Amino acid sequence: MRYCIVLLGLISIFSSCHGKPKEAKTAEPVEMMAKELADSMVVQEPEKGLRTFEGLADTTFVRLADFSDDFAYDLRYATENNFLKAKVYDCAECYTRVKTAKALIKANADFKEKGVRIKFFDCYRPNSVQYKMWAIVPNPQYVANPEKGSIHNKGGAVDITLEDLEGNELDMGTDFDFFGKRAYHDNLDLPKEILENRKLLKETMEAHGFWSIRTEWWHYNLSAGSNDKVANFKWDCPEQD
């Protein structure tokens with residue numbers, strides 16, 4: 001009887017010593033499986049994608065930043081840093097018609113191959129904004145008469161410069177909206193670097209259907225946009241706290 005009790009005791013000790021490690025060994029894979037299952041149930045936020053032009057008419061107004069993130073912006077008329085010394089846009093946005101946006105994206109692809117990109121000063125301009133500008137400077141030499149409108153009001157004109165991919169503007173000889181002979185395309189009495197920068201801008205834009213005006217190195221009109229109607233489409237501005 002005494003031997004039976006001893007034997008039972010040894011069996012009990014042996015079972016308790018060897019049972020726990022078995023539980024520990026099986027617990028580790030279970031914990032790993034649970035973690036993997038939990039990770040797989042985490043909802044990943046989709047990356048914000050750019051829009052495409054599929055299904056859009058060429059005359060539709062679009063926000064350029066929705067279709068390409070390769071441009072830079074310094075939309076001056078949404079600030080007081082312009083020749084008017086007044087803010088005439090409620091908020092800074094660059095809209096154009098679809099055909100203008102397509103041509104700009106193609107031109108910018110060519111610029112990027114040369115290590116630069118387009119930077120915008122102005123894009124589509126609602127006709128109501130043209131009236132604001134005319135009220136400040138009623139001079140057709142500087143501001144188009146809003147009764148007739150300009151190609152900016154049609155969504156076919158842009159005011160631009162070039163910057164390198166680190167954000168440094170190329171030297172074009174004057175600031176945007178400098179009204180004087182130094183801003184003229186046919187003024188060749190300028191340093192070689194400035195003339196080369198202007199040539200790069202002009203020739204590339206012309207290759208993509210744009211034409212310039214003699215007195216403003218920054219202004220480009222899309223030929224295909226000349227016959228569109230003057231518009232007063234207004235974009236929504238984000239609410240401010």
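**A look at the largest pocket**

Tutor: Buried residues make up 39% of the 241 residues in this protein, and keep in mind that the model is predicted. Four helices and seven strands form its secondary structure, in the order α-β-β-β-α-β-α-β-α-β-β along the sequence.

Now for the pocket. The largest one has a volume of about 500 Å³. It is lined by 27 residues, and Ala 144, Ser 150, Ile 151, His 152 and His 219 are the closest to its centre. H3, strand E6 (210-213) and E7 are the elements that each give two or more residues to the lining. E7 gives the largest share, four residues. By type, the lining splits into 12 nonpolar, nine polar and six charged residues.

What about the surroundings? Take Ile 118: leaving aside neighbours within four places in sequence, its contacts include Phe 71, Leu 104, Phe 111, Ile 160 and Met 205. In soluble globular proteins, nonpolar side chains tend to be buried together.

For contrast, look at the second largest pocket, with about 160 Å³ of space. Among the residues lining it are Tyr 89, Asp 90, Lys 132 and Trp 235, and its lining divides into six nonpolar, one polar and three charged.

Notes
Residues are numbered from 1 along each chain as its sequence is written. This is a predicted model: local features need pLDDT of at least 70, side-chain atom pairs count only at pLDDT 80 or more; totals for chains, interfaces and linings use all residues. Side-chain values use heavy atoms; hydrogens and water are left out. Buried means under 20% relative accessible area, exposed over 50%, partly exposed in between (1.4 Å probe, protein chains only). Contact means heavy atoms within 4.5 Å. On a 1 Å grid over the protein atoms alone, a cavity is a set of points where a 1.4 Å probe fits but cannot get out, and a pocket is an open set with protein on both sides within 12 Å along at least five of seven lines; lining residues have an atom within 4 Å of a point. Grid points are joined across faces, edges and corners, and a volume is the space filled by probe spheres set on the points. Ala, Val, Leu, Ile, Met, Phe, Trp, Tyr, Cys and Pro count as nonpolar, Asp, Glu, Lys and Arg as charged, and the others, Gly among them, as polar.
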